[in-house]
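Please examine the protein shown below.

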Amino acid sequence: MRRIEFHNREKELKAIMDLLDAEPSLITFVYGPINSGKTTLVDYLIKHLADSYVVFYINLRGKFISNHDDFVRALFKLEREKKEYKEILKKISEVSLKSLKFTGIPITEDILDSFFRKNTYEDVFEFLEDYFTEIAANKVPVLIVDELQKIGAVKINTHLIYELFNLFIRLTKELHLCHIFAVSSDSLFIERVYSEAMLEGRCRYLLVDDFDYETTSAFLAGYKFTDDEKALAWEYCGGKPVCLVELVNSEKREEKAKEMLRIRSGQIKQRLSVLKIVSKKILFEEEEIELKYDNLRKVLAIFLDEESYVHDVITPEIAYLVKENILFVDSVKGIIKPQSRLNLLAIREVMKHG
C-alpha cells in the first residue's frame with residue numbers, strides 16, 4: 001500500500017495559524033463530514049507548530065466514558081517518572097517543542113489519585129486552570145480535544161459537557177490563557193452547540209470539508225491518474241479523502257469504485273428496510289420517538305434531484321440518518337447533504353430501486 005502524503009489544506013491551516021497568532025479569546029469548533037480529514041489536519045498542524053507552543057492533544061475516539069473516573073483517565077497522562085508536579089511544569093516551560101506534544105495532560109500519580117478520591121470535576125478544572133496559568137507564563141498552551149461529543153451525555157452532577165464548556169470559556173474568553181480546539185464529526189453535536197445560547201459569542205466554527213474539484217484533481221495527479229480516472233474518481237468519490245485513497249491503492253479503479261457504491265447502497269437499503277420489520281425508536285429532544293419508514297424515504301427522496309438543501313428544523317428522521325452516517329448537517333451554513341458523493345449516489349440508487 002502506498003504512503004499517502006498530506007495534501008493541500010492551506011486555507012484551513014492559514015485560518016488556524018491566524019487564530020494561534022492572536023490572543024486566545026474563543027473556543028474553536030473544528031467540524032465537518034466524517035472522514036473529511038479533520039484529524040489528519042490536526043496531526044499535521046501539531047507536527048509543524050513553532051517552538052513557542054505547547055500542544056496537549058486528547059483523542060476520545062474509541063474511549064468509553066460514562067463517569068468521572070473515565071473522564072479523568074481520558075484527560076490526563078500519568079507521568080511514569082518519579083517527579084514532583086513543579087518539575088513537570090518546569091520541563092514544559094524550558095524544553096523545546098520537539099518533546100512538548102503530549103497525548104494527554106501529564107501529571108503525577110499522587111495528583112491523579114486525588115482526583116479519583118474526590119470524585120468531582122471541580123477539583124480537576126481548578127487544577128487545569130492553575131496548570132495552564134503556569135505554562136502560559138513562558139509558552140502558549142494549545143488544548144485539542146478530538147471527538148469531544150463522546151462526553152456529551154455524561155452526567156456527574158450536571159451534564160459534564162456544560163461544565164467543560166465553562167472551563168473552556170474561562171481559559172479563552174476570560175483569562176486568555178490557552179487556545180482550545182474541539183474537533184467533531186458528529187454534526188448533531190455541533191447543531192446542539194450551535195443552537196444553545198450558552199456559547200453565543202464564545203466560540204467560532206471552522207469547517208473541514210471534503211476536497212473541492214481542483215484539489216481532488218491535483219491530489220490524484222500526484223498518483224498519475226489519467227483524465228478519465230480523475231473523472232471516474234470525482235463521479236464516485238467526490239472529494240472524500242478516504243474514498244480517493246481507496247482508488248489510489250487499487251489497480252482496477254473502475255471496478256473498485258463500483259464495488260464501493262454497491263456496498264454502500266446495500267448498507268443504506270438495510271438501514272431503511274429493517275424499519276419494515278421492527279419498530280425502531282430514537283432519543284430525540286429527550287423523548288423516544290418511533291421512526292417511520294415512509295418518513296425516512298421522504299427525507300432521502302429530496303436527494304434524487306438535489307445534492308443538498310436548506311433545512312428549517314432537524315426532525316427525528318434527519319437525526320437518525322445523521323447518526324447512521326448517511327447525512328451531514330451543517331448548522332453554520334444551514335444545509336443538509338449526504339456525508340459524501342458516494343452516499344449521494346447510494347441514496348439515489350436505493351430510492352430508485354430499493
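The dialogue that follows takes up cavities, then strands, then salt bridges.

Student: What kind of model is this, and how are its residues numbered?
Tutor: Residues are numbered from 1 along each chain as its sequence is written. Side-chain values use heavy atoms, with hydrogens and water left out, and local features need pLDDT of at least 70, side-chain atom pairs count only at pLDDT 80 or more, and totals for chains, interfaces and linings use all residues, as this is a predicted model.

Student: How many cavities of 30 Å³ or more does a search of the whole structure find?
Tutor: A cavity is a set of points on a 1 Å grid over the protein atoms alone where a 1.4 Å probe fits but cannot get out. Grid points are joined across faces, edges and corners, and a volume is the space filled by probe spheres set on the points. With a threshold of 30 Å³ or more, the search of the whole structure gives 3 cavities.

Student: Which elements give two or more residues to the lining of the largest cavity?
Tutor: The largest cavity has a volume of about 90 Å³. Of its 14 lining residues (those with an atom within 4 Å of a point), the closest to the centre are Leu60, Phe71, Leu75, Val145 and Leu164. Helices (H or I, at least four residues) and strands (E, at least two) are DSSP runs, numbered from the N terminus. The elements asked for are helix H3 (68-75), strand E6 (140-146) and helix H7 (160-174).

Student: How many charged residues are in the lining of the second largest cavity?
Tutor: This cavity holds about 50 Å³ of space, and its lining includes Arg192 and Glu196. Ala, Val, Leu, Ile, Met, Phe, Trp, Tyr, Cys and Pro count as nonpolar, Asp, Glu, Lys and Arg as charged, and the others, Gly among them, as polar. The lining divides into 7 nonpolar residues, no polar ones and, as the class asked for, charged residues numbering 2.

Student: Why is strand E6 largely enclosed by the rest of the structure?
Tutor: Buried means under 20% relative accessible area, exposed means over 50%, and partly exposed lies in between (1.4 Å probe, protein chains only). E6 is largely enclosed because its buried residues number 6 of 7.

Student: Which residue in E7 stands opposite valine 145?
Tutor: Two strands pair if DSSP finds at least two bridges between them. E6 pairs in the parallel sense with strand E2 (residues 53-59) over 7 bridges, and 5 bridges join E6 to strand E7 (residues 179-184), again in parallel. Opposite valine 145, the residue in E7 is alanine 182.

Student: How many residues apart in sequence are the parts tied together by aspartate 209 and lysine 337?
Tutor: A salt bridge is a side-chain nitrogen of Lys or Arg within 4 Å of a carboxyl oxygen of Asp or Glu, and the search of the whole structure finds 15 of them. In one, aspartate 209 and lysine 337 meet at 2.9 Å, N to O. Aspartate 209 lies in the loop between strand E8 (203-207) and helix H9 (213-221) and lysine 337 in strand E13 (residues 335-338), so the parts tied together are apart by 128 residues.

Student: What separates lysine 258 and glutamate 254 in helix H12?
Tutor: Their side chains meet in a salt bridge of 3.3 Å, N to O. Lysine 258 is partly exposed at 40% relative accessibility, and glutamate 254 is partly exposed at 46%. Because they are 4 residues apart in helix H12, the separation is about one helical turn.

Key:
1 Å grid on protein atoms, 1.4 Å probe; cavity = no way out; pocket = protein on both sides within 12 Å on 5 of 7 lines; lining within 4 Å.
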